[in-house]
Amino acid sequence: MQVASAAIPNNLATSDLTQIVPIFSGGGTRLSAHIGIIKALHDMKIGFDTLVGVSGGSIIASLYAKGYSVEQMRELALVTDFKQFTEFSLVRLLREGGLSSGDVFQNWIDEQLEGAVFADMPLDLNILATDVNGGGPVLFNKHATPDMKVSEAVRYSMSIPLIFSFKPFKEYLLVDGAILSEDALFEDWRGDGTPSVCFRLQSTEQKRKAIKKNLLQLPQYVSMLIRTFMTAISREYVNAKYWHNTVVVNTGEISAVDFSLTPEIKNTLFELGYATTKEFLPKKCAGFMRSSAL
């Protein structure tokens, strides 16, 4: 897909518009919801030239920072078969902590980004991953890692435990950025006090039919375990300290690890992201603007 590489054509980042730093957090295969969020920000004339991507949110953040329009990202999400990124290797799970290597995904996102490194990006793109060796955040951007391929950082950030292998980087052992505490997300990213708003996708536990023990096989068990783990992360309590700066998009029973999403469900996710942002961001803005004035 060809992407126009003008300096900031798609973000409405002009001085006379309201500015925020959006944090696109989590999502997994539900990335269409983040596209709907960006569409809502455009329609509300809220601009940004700095953005943060965490886990699945880093996919959309990187595409947007590269210059993709909402329409291009939406089309890409609709035509992409997410099942191509999954494998099922128990040997790899035991050796590397994940069923899939993640190489197919990394090659795919690198192709979409045309091999861009952070220094190439028109916008100030920040991607966060989690170091399980020390438990803290690892940040990738044009200041810390200017010559790193953005696709590599995205691969680190969206390493869903058990699905994708952990990846070493320097002294770090990197996995999904969604495991990070909220304190790692709410920085003064622009250095001028521009408020950060975290757009966080949340799912509800699915009600499933009872399974007879003699019919439960290992692949099915591992799949259930991963789904339960990711649902638990997405439902994690939002600290009151950051509530005014967090917009929660409830995706219902649509899971972050559903790699078989239909175009209809992807469109539903887009609409959920759009409608939730339009409804709740004005209320959140009023709240954190009051808080900052105190």
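Which residues are linked with Arg190 in a network of salt bridges? Asp49 and Asp192 are the partners, and the three residues form the network together. Welcome to this predicted model, a protein of 294 residues, 53% of them buried. Its secondary structure comes to eight helices and 12 strands. The points below start with the whole protein and then visit some of its parts.

**The protein as a whole**

- Take the contacts between residues at least 6 apart in sequence: 77% of them join residues at least 24 apart.
- The protein exposes about 13,500 Å² of surface, and carbon and sulfur atoms supply 54% of that area.
- A search of the whole structure turns up seven salt bridges.

**Salt bridge of aspartate 49 and arginine 190**

- Aspartate 49 and arginine 190 join their side chains in a salt bridge, at 2.9 Å from N to O.
- Both residues sit in loops: aspartate 49 is between β3 (46–47) and β4 (50–54), while arginine 190 is between β10 (172–175) and β11 (196–202), so the bridge ties together parts that are 141 residues apart in sequence.
- Arginine 190 has a relative accessibility of 30%, so the residue counts as partly exposed.

**Salt bridge of glutamate 271 and arginine 74**

- In the salt bridge between glutamate 271 and arginine 74, the closest N and O atoms are 3.8 Å apart.
- Here the partners come from two helices, with glutamate 271 in α8 (residues 263–293) and arginine 74 in α3 (residues 70–79), so parts that are 197 residues apart in sequence are tied together.
- Glutamate 271 is partly exposed, with a relative accessible area of 42%.
- Arginine 74 is also partly exposed, at 25%.

**Salt bridge of lysine 83 and aspartate 81**

- The side chains of lysine 83 and aspartate 81 meet in a salt bridge, with 3.3 Å from N to O.
- Lysine 83 counts as partly exposed at 43% relative accessibility.
- Aspartate 81 is partly exposed too, with a relative accessible area of 38%.

**Helices α2 and α5**

- Two packed helices are described by the angle between their axes and the distance between the axes.
- For helix α2 (residues 57–66) and helix α5 (residues 103–112), the axes come within 10 Å and cross at roughly 20 degrees.
- Angles under 35 degrees count as roughly parallel, and therefore α2 is roughly parallel to α5.
- On the α2 side, Ile59, Ser62 and Leu63 take part, and they meet Phe105, Ile109 and Gln112 of α5.
- The residues of this contact divide into four nonpolar, two polar and no charged.

**Helix α6**

- Is helix α6 (residues 150–157) mostly covered or mostly uncovered? The helix is mostly covered, as seven of its eight residues are buried.
- The buried residues of α6 are Val150, Ser151, Ala153, Val154, Arg155, Tyr156 and Ser157.

**Proline 22**

- Proline 22 has its place in strand β2 (residues 21–25).
- Buried means under 20% relative accessible area, so proline 22, at 0% relative accessibility, counts as buried.
- Leaving aside residues up to four places away in sequence, proline 22 touches Leu41, Phe48, Thr50, Leu51, Val52, Val197 and Phe199.
- Between the C-alpha atoms of proline 22 and glycine 53 there are 8.6 Å, and the two residues are 31 residues apart along the chain.

Definitions and conventions
Residues are numbered from 1 along each chain as its sequence is written. This is a predicted model: local features need pLDDT of at least 70, side-chain atom pairs count only at pLDDT 80 or more; totals for chains, interfaces and linings use all residues. Side-chain values use heavy atoms; hydrogens and water are left out. A salt bridge is a side-chain nitrogen of Lys or Arg within 4 Å of a carboxyl oxygen of Asp or Glu. Helices (H or I, at least four residues) and strands (E, at least two) are DSSP runs, numbered from the N terminus. Buried means under 20% relative accessible area, exposed over 50%, partly exposed in between (1.4 Å probe, protein chains only). Contact means heavy atoms within 4.5 Å. Accessible areas come from the Shrake-Rupley method with a 1.4 Å probe; for residues, only the protein chains shown count as cover. Axes are lines fitted to C-alpha atoms, for helices over the stretch in contact, and angles run from 0 to 180 degrees between N-to-C directions. Angles under 35 degrees count as roughly parallel, over 145 as roughly antiparallel, 65 to 115 as roughly perpendicular and the rest as oblique. Ala, Val, Leu, Ile, Met, Phe, Trp, Tyr, Cys and Pro count as nonpolar, Asp, Glu, Lys and Arg as charged, and the others, Gly among them, as polar.
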